[in-house]
Amino acid sequence: MSLNTQILIAAILGVAFGFILNLYPDTAFFDASLYGLGIASSIFIGLLKMLLIPLIFSSIVVGVSNLQAGGQLGKVWKITLACCVTTTTLALILGISCAHLFDVGKGVDIALFQDAMNTHQTPDTLTATSFFTNFIQNTLINPFKAFSEGNVLAVVLFALFIGVALVHGGERFKTVRQVSQQFFDMMMFMIIWVMRLAPIGIFALLAKLISTEDISVLNRLMEFAAVVTGTTIFHGAVVLPLLLWIFGKMNPITFFKGTRTALITAFATSSSSATLPLSMKCAQENLGVRPATAGFVIPLGTQLNMDGTALYEAAAALFVANLMGLDLSIGQQLIVCLTAMIASLGAPGIPSAGMVTMIMVLQSVGLPAEAIAILLPIDRLLDTVRTVVNVQGDMMISVVVDRHTRDDEIPT
């Protein structure tokens with residue numbers, strides 16, 4: 001049985017076992033099962049996180065040095081940035097349009113959420129100025145601090161500098177370049193080991209999610225949750241595959257078959273960063289993306305390409321505005337879209353990270369930051385779907401970029 005099949009079966013069994021656990025709450029069986037699921041899922045996620053920073057660093061260094069040496073770095077940069085802006089813009093337009101179409105939030109009694117808003121503690125006011133100041137201060141830092149704290153974006157920037165330096169240094173740094181390549185190969189080899197635990201880890205993650213999340217909280221927020229989920233799925237099932245078919249010349253069915261492992265893992269973990277090793281593996285081995293391209297585009301995509309997050313934040317801002325009885329002008333809606341796009345760039349690839357930057361989106365048009373308390377009960381469930389779309393977009397862009405840079409062979 002192939003690993004993809006094992007993971008698919010494990011996902012189905014995990015969901016089923018989660019529903020079974022819901023039938024026996026507050027029992028010894030429930031507590032013991034939850035404890036065992038917690039251990040299994042922690043080991044799997046812990047191994048992925050352990051490999052994450054070394055993998056990102058080595059893949060970016062090797063990818064940049066190879067692309068730069070082949071004269072393709074500038075071309076790859078331009079195509080990657082164009083793809084990220086295009087897909088995010090389409091996601092924002094789709095999110096805003098569907099929120100208007102279904103009038104999400106209108107007719108819902110805001111008093112239902114008043115207590116949550118009054119008791120919820122929000123961070124200090126997050127203005128655009130403070131956002132960019134904090135963004136720079138947390139990015140341009142000591143690389144060793146970035147490694148120890150798992151600061152992905154800071155590691156990416158440092159790796160970019162190293163990669164460019166290796167090329168401009170020429171033969172002087174040949175040994176370092178060879179060591180970097182061997183280190184990257186070793187990291188990919190270790191990922192194969194971790195993947196043997198993927199069926200167990202995904203079973204545990206999904207069973208724990210289903211058994212611990214209170215599905216009943218969707219009763220009052222069902223309309224918004226359904227609209228956002230449906231819109232996000234439409235973006236991932238129609239918009240992105242259409243772009244892939246037009247610009248990447250790849251059959252969407254082939255793409256989904258090749259990326260199934262990464263997409264299921266993204267759904268289970270709600271973390272594009274934790275899924276990154278699997279995304280790179282799927283792109284290279286199943287989609288035929290060259291290692292230099294995948295190693296450069298996909299790690300950057302975890303920071304620059306957040307379609308699902310941007311779509312959710314734009315729709316959520318309109319939802320909150322409707323709850324408050326406010327009609328946002330066209331100008332204010334454009335501000336929401338622009339802020340959501342910028343905020344999505346600074347959202348780390350961890351579960352529910354979008355709730356942090358959501359404050360900036362709300363405050364951009366004068367909505368109270370405390371309103372995020374309304375979204376907290378359903379955020380974890382919605383996060384699973386938008387993470388899948390985020391990861392899908394990263395791999396799709398790597399296919400498109402690889403196709404349009406194959407004219408010149410990248411040295412290895």
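# Exercises on an all-helix record

The secondary structure of this protein chain comes to 17 helices and 0 strands. The model is predicted. Work through each task, then check the solution.

## Exercise 1: The whole chain

Solution. Finish with the contacts. Take those with a separation of 6 or more; residues 24 or more positions apart account for 84% of them.

## Exercise 2: A helix checked by its length

Task: Find out what span helix α14 should have, and compare it with the distance between its end C-alpha atoms.

Solution. Helix α14 covers residues 307–323, which is 17 residues. The expected span is 1.5 Å times one less than the number of residues. That gives 24 Å for α14. The end C-alpha atoms are 24 Å apart, so the two values agree. Now look at the cover: 17 of the 17 residues in α14 are buried. Last, look past the end of the helix. G325 follows α14, and its phi is positive, near 75°.

## Exercise 3: Two residues inside

Task: Decide whether V61 is buried or exposed, and list what V61 contacts beyond its sequence neighbours.

Solution. Locate V61 first: it sits in helix α2. Its relative accessible area is 1%. Buried means under 20%, so V61 is buried. Now set aside neighbours within four places in sequence. V61 then contacts A159, I162, G163, L166 and S180. Take L166 from that list. It is 105 residues from V61 along the chain, yet their C-alpha atoms are separated by 8.4 Å.

Solution. Q333 lies in helix α15, residues 330–345. Its relative accessible area is 10%, so Q333 is buried. Leaving aside neighbours within four places, Q333 is in contact with I96, H100, L318 and L328.

## Exercise 4: The nonpolar cores

Task: Name the residues that touch the most other members of the largest nonpolar core.

Solution. The largest nonpolar core has 107 residues. Within it, F224 and F319 touch the most other members. Helix α17, residues 372–403, gives the largest share of this core, with 14 residues. Apart from this core lies another, of 5 residues, among them L21, F30, A204 and A207. Return to F319 and skip residues up to four places away in sequence. F319 touches V104, G105, L221, F224, I374 and L375. As background, nonpolar side chains in soluble globular proteins tend to be buried together.

## Exercise 5: Salt bridges

Task: How many salt bridges does a search of the whole structure find? Describe each pair.

Solution. The search finds 3 salt bridges. Side chains of opposite charge can pair when their charged atoms come close.

1. E285 and K281 meet in a salt bridge at 3.1 Å, N to O. They are 4 residues apart in helix α12, residues 272–285, so about one helical turn separates them. E285 has 51% relative accessibility and counts as exposed. K281, at 17%, counts as buried.
2. R290 forms a salt bridge with D402, the closest N and O atoms being 2.8 Å apart. This pair links distant parts of the chain, 112 residues apart. R290 is in the loop between α12 and α13, while D402 is in helix α17. Both R290 and D402 are buried.
3. R386 and D383 meet in a salt bridge at 3.2 Å, N to O. Being 3 residues apart in helix α17, they are separated by about one helical turn. R386 is at 2% relative accessibility, so it counts as buried. D383, at 4%, also counts as buried.

Definitions and conventions:
Residues are numbered from 1 along each chain as its sequence is written. This is a predicted model: local features need pLDDT of at least 70, side-chain atom pairs count only at pLDDT 80 or more; totals for chains, interfaces and linings use all residues. Side-chain values use heavy atoms; hydrogens and water are left out. Helices (H or I, at least four residues) and strands (E, at least two) are DSSP runs, numbered from the N terminus. Buried means under 20% relative accessible area, exposed over 50%, partly exposed in between (1.4 Å probe, protein chains only). Contact means heavy atoms within 4.5 Å. A nonpolar core is a set of buried Ala, Val, Leu, Ile, Met, Phe, Trp, Tyr and Cys residues joined through side-chain atoms within 4.5 Å. A salt bridge is a side-chain nitrogen of Lys or Arg within 4 Å of a carboxyl oxygen of Asp or Glu.
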